Amino acid sequence: MNEAQGSMRIRRVGDAAAVIDIAGDVTADSEPTLMSAYEDATDQGCKRLLLNFGGLEYMNSGGIGMLVTLLIRANRQRQELAAFGLNRHYREIFELTRLDEAITIYESETSALAGGTR
Amino acid sequence: MTPVAWPARRLAAFEIASVPGNERTARTRVAQTVAACGLSPAQLDKLGTAVGEATMNAIEHGNRGRPELPVEFQVFQSGDEIVVTISDRGGECNAGGAEASAEAPDLARKLAGEQSPRGWGLLLIRHMVDAMDVITEGERHTVRLTIRGHESDE
């Protein structure tokens, strides 16, 4: 296993939302972990998934591809994806890839939880 | 091709084995090398992303994941300009200019299933540095990344 592989912990917040706390590196190798967390949240009936990037150390193009795959699955399930905790570098990458048009970005967990469905 | 401003001082030369994951080592080595070169924190992040992506391409595509083939790095400084070269053995396979012919990634098309979810590497590289040049000489394929230390961090 890549020693820098990221971790993803899921937290239920409210009736139909969950936070996935991301830490470490996010690469293509992270896909099984993220998809497992996503499936857990979906099985619990979550319609809103908040990705917490506060613990992110590094994300590469493989990680971005993985987020696109997650988006495709969430769209099929009519779930909303949102994100918070991105630093300036990764906000810029979200803008560059236009991920910010598909994943609502918030400044904090508080504002993300307060945000409604689009 | 963007010319290198000479005279340029070589700060480091090293190589890594073509093993997925070793791009982390390359990013760390380059970051350590240029730490005192006057780049802003934002530029260091950008250079790290560009080096990581170019290294992954060299490992996966240029050297086809063969661990016995090295990816070779050199880091130069000339004035406020930092140049990083990343070389693999995929020159003959890249004779047509794979970088130039790669389809531009489009999120809407990817979400519609018309493109693979992947394929973001070249887009990231081109936007993270001031110049990206590709040099192919026989089997040697080199990506040269240039970043200029003029950006403010506001």
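In strand β2 of chain A, the residue that A:Val13 takes as its bridge partner is A:Ala17, and I start there, in a predicted model, with strands and helices taken as DSSP runs numbered from the N terminus (helices H or I, at least four residues; strands E, at least two). The two strands involved, β1(A) and β2(A), the latter covering residues 17-26, pair in the antiparallel sense over seven bridges, where pairing requires that DSSP finds at least two bridges between two strands.

Widening the view, these strands belong to an open sheet of five in chain A, ordered β1-β2-β3-β4-β5, with mixed pairing. Its edges are β1 (7-13) and β5 (104-106) of chain A, each of which pairs on one side only. On average, and ignoring direction, neighbouring strands of this sheet are turned by 25° against each other.

Helix α2 of chain A (residues 61-76) packs on the sheet and touches β1, β2, β3 (48-59) and β4 (80-84) of chain A, its direction making about 175° with that of β3(A). Contact here means heavy atoms within 4.5 Å, and the angles, which run from 0 to 180 degrees, are taken between N-to-C directions, with axes fitted to C-alpha atoms, for helices over the stretch in contact. Helix α3 of chain A (residues 88-97) lies across β3 and β5 of chain A, at about 120° to β3(A).

Turning to chain B, the axes of helix α1 (residues 23-34) and helix α2 (residues 41-62) come within 9 Å and cross at roughly 145°. Among the residues making that contact are B:Ala26 and B:Val30 of α1(B), together with B:Leu47 and B:Val51 of α2(B).

Let me finish with charged pairs, a salt bridge being a side-chain nitrogen of Lys or Arg within 4 Å of a carboxyl oxygen of Asp or Glu; the whole structure has 16 of them over all chains. B:Arg109 forms one with B:Glu103, with the closest N and O atoms 2.8 Å apart, and another with B:Glu114, at 3.2 Å from N to O. B:Arg109 itself is partly exposed at 32% relative accessible area, while B:Glu103 is exposed at 52%; for these words, buried is under 20%, exposed over 50%, and partly exposed in between, with a 1.4 Å probe and protein chains only. In chain A, salt bridges link A:Arg9, A:Arg11, A:Asp21 and A:Glu109 in a network.

On conventions, residues are numbered from 1 along each chain as its sequence is written, and chains are lettered from A and ligands numbered from 1 in the order in which they are written. Local features need pLDDT of at least 70 and side-chain atom pairs count only at pLDDT 80 or more, whereas totals for chains, interfaces and linings use all residues, and side-chain values use heavy atoms, leaving out hydrogens and water.
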